[in-house]
Every structure is written in C-alpha cells, then in structure tokens.
Amino acid sequence: MQKIMNGKEASEEILEKIKIDTENFVKKGLRPPGLAAVLIGENPASKIYVGSKVRTCANLGFYSEKIEKDKNIEMKEVLNLIKDLNEREEIDGILVQLPLPDHLDESMILEAVNPQKDVDGFHPQNLGKLFIDEPNMVPCTPLGIMALLKKYNVELKGRNAVVVGRSRIVGKPLSLLLLKENATVTICHSKTANLEEITSKADILVAAMGKKAFLTHKHIKEGAVVVDVGINRVTDIEEAKKLYPDDEARWNQVKEKGSTLVGDVFPPAMKEKASLYTPVPGGVGPLTIAGLMMNTFLSYSQRVK
C-alpha cells in the first residue's frame with residue numbers, strides 16, 4: 001500500500017511537543033526561549049519566510065525579534081549586530097535569513113554567529129561536530145527529514161540511501177545523518193555518471209538538486225521511500241497537465257493563481273513506484289521551520305540549565 005508522508009502533520013506534532021516543553025520551563029520561573037531573525041534587504045520570499053518563523057515563535061510561547069536592515073548596510077554594521085545578539089542572554093538562537101545582498105560576505109557573517117546560537121546549523125563548528133558524529137545544531141531541513149523518517153518508522157540500518165544533491169544546506173548534512181543511522185549512503189550530483197543506475201538501487205531516495213521533476217520512473221526502485229526536497233514553480237497549464245495528469249486542482253491553481261508547485265521528482269513516478277513519499281507542497285517544507293524551532297529549543301534548554 002502506497003502512503004504519503006505528511007510533513008505538515010509531523011511538523012505540528014513536533015511543534016506541539018516544543019510548546020508543552022516551553023510551558024513547563026516557564027512554569028518553573030524560567031524565561032521563554034528567544035529567537036532573533038535578521039532580515040537584510042527587500043527580498044519578498046525572505047520576508048514571507050521570516051514572517052512565518054516569527055509567527056511560529058509566537059504560537060510556541062517563544063520570545064522573538066525581527067530585525068530588518070537596509071540592503072545597503074555595511075559589513076561592519078552587520079558584524080556588530082551579530083556581536084550584540086551573541087552577547088544577549090535572552091537570545092538563544094540567531095537566524096540570518098539568506099540570501100544576503102551581494103556586497104556582504106555570507107561566510108564571514110555566518111561564522112560570526114556564536115555556534116551555540118547558530119540555529120540554522122551552518123557554522124563550520126556545528127558542521128564539523130556533525131562530521132565527527134557529535135551533532136548539536138544540525139541544518140534545519142535535514143533535521144526535519146530525519147524526524148519525518150522516524151515518524152513513519154523507515155528502517156535505515158543497512159539500507160541503501162541515495163541523496164541527489166550536495167549542498168551544505170541539505171545534501172551533505174543529510175548524508176551524514178543517514179550515515180550516523182547506519183545507512184549505506186551515496187551522494188550524487190550534476191557530474192555523476194550513470195545516475196539512473198545508482199538511484200534505481202536506492203531503498204531511500206532523496207531528491208535535493210533543484211531541478212523540476214528531474215527524477216522519473218527509471219530513477220526509482222519499486223517500493224522505495226522517496227523524499228522530495230525540491231520546490232519549483234510551474235506556470236504553464238500544459239506542463240501542469242503533464243506533471244499532474246489526474247489532478248485538476250493543480251491545473252486550476254495555474255489558471256487562477258498563475259502557478260502551482262512541483263518537486264524534483266516527477267509526481268506520477270512517485271505515486272506509482274514509491275512505498276512512501278513526500279508530496280510538494282506539504283512534505284518536507286513544513287519540517288524546515290520545525291527543525292529551526294527544535295534547534296532553538298535545544299539551545300535554550302542547554303543555556304538555561
């Protein structure tokens with residue numbers, strides 16, 4: 001029987017537990033967890049993402065700050081802001097929303113964040129701890145994916161896991177987390193030869209390359225667990241009909257709203273061949289914010305004790 005892995009449901013369960021744990025800490029007379037979100041510039045998508053994170057904080061009983069800065073801000077001012085947030089006791093997590101304006105040094109800014117407060121999990125120290133099997137702050141999307149696989153009782157020990165994509169945000173850290181759970185892990189990318197030969201042997205297949213419906217029937221093993229991390233916009237009605245041949249609601253989204261979403265895997269291929277799979281949207285997406293809140297609460301619980 002084929003099943004959808006419901007990321008929204010899994011996210012809600014994670015957040016509800018964090019909310020209860022937060023209430024219990026506050027009842028003991030402790031302050032609530034605190035998250036500072038730094039938004040530089042006017043990127044519309046970034047504004048939406050940060051707004052969603054701040055609202056989630058409010059729902060959980062967290063203290064949060066949204067710090068908005070002009071796109072022309074100087075590097076020195078950003079570093080001073082990070083230094084100030086590092087020193088503030090009531091701030092447990094610092095989120096610098098990416099992408100940053102071109103004139104700013106992204107690596108330097110991310111490295112300026114106190115690793116203990118690096119709730120995105122991008123600091124070299126946190127990535128290094130993940131590499132030596134001592135994870136603390138783990139990148140949010142991989143953290144959420146692992147929680148989803150656990151919820152659906154996906155066996156990882158001894159199974160072949162293939163991750164298509166090698167970004168430091170998803171592909172590389174997720175590969176290390178799967179390896180920690182004793183999966184046999186292969187990383188594929190744009191230069192991989194015989195991609196089909198490798199992915200078609202995967203018990204767990206993760207698509208995170210950012211290419212619209214790139215993986216098809218030939219790439220998926222019968223009965224595989226497929227995790228589709230991709231988020232791609234479809235604006236052409238005929239393309240939507242090819243991607244979702246039996247889903248008129250998707251066609252209507254394009255007609256009425258101008259677009260619909262598709263992942264990195266051809267949807268009919270997942271439905272027909274996977275035993276478990278994540279839809280787009282409603283699969284991996286909600287778990288990214290859940291991962292962020294998990295990291296923020298982890299930092300908080302380590303700092304208030």
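**Reading a predicted chain**

Visitor: Where is the place of Asn194?
Guide: Asn194 sits in the loop between β6 (184-188) and α8 (195-199). Helices are DSSP runs of H or I with at least four residues, strands are runs of E with at least two, and both are numbered from the N terminus. This is a predicted model, where local features need pLDDT of at least 70, side-chain atom pairs count only at pLDDT 80 or more, and totals for chains, interfaces and linings use all residues. Residues are numbered from 1 along each chain as its sequence is written, and side-chain values use heavy atoms, leaving out hydrogens and water.

Visitor: What is the phi of Asn194?
Guide: Asn194 is not a glycine, yet its phi is positive, about 55°. Ala213 also has a positive phi, near 45°, and is a residue other than glycine. Look for Ala213 in the loop between β7 (204-207) and β8 (225-228).

Visitor: Is Asn194 buried or exposed? And Ala213, buried or exposed?
Guide: Start with the cut-offs: buried is under 20% relative accessible area, exposed is over 50%, and partly exposed lies in between (1.4 Å probe, protein chains only). Asn194 has 53% relative accessibility, so it counts as exposed. Ala213 has a relative accessible area of 12%, so it is buried. Across the chain, buried residues make up 49% of the 305 residues.

Visitor: Which peptide bonds are cis?
Guide: Read omega: near 0° goes with cis here. The bond from Leu98 to Pro99 is cis, with omega near 0°. Pro99 lies in the loop between β4 (93-96) and α4 (106-112). The bond from Val280 to Pro281 is cis too, with omega near 0°. Pro281 is in the loop between β11 (276-277) and α12 (285-304).

Visitor: How many helices and strands are in the chain?
Guide: The chain has 12 helices and 11 strands. Its radius of gyration is 20 Å, close to the 19 Å from the globule rule for 305 residues, so the chain is as compact as a globular protein of that length. That radius is taken over C-alpha atoms, and the rule is 2.2 Å times the number of residues to the power 0.38. The C-alpha atoms fill a box of roughly 55 × 45 × 40 Å along the principal axes.

Visitor: Which domains does the assignment give?
Guide: Domain bounds come from an automatic or database assignment. Here it gives domain 1 (29-115) and domain 2 (140-285). The C-alpha centres of domain 1 and domain 2 lie 30 Å apart.
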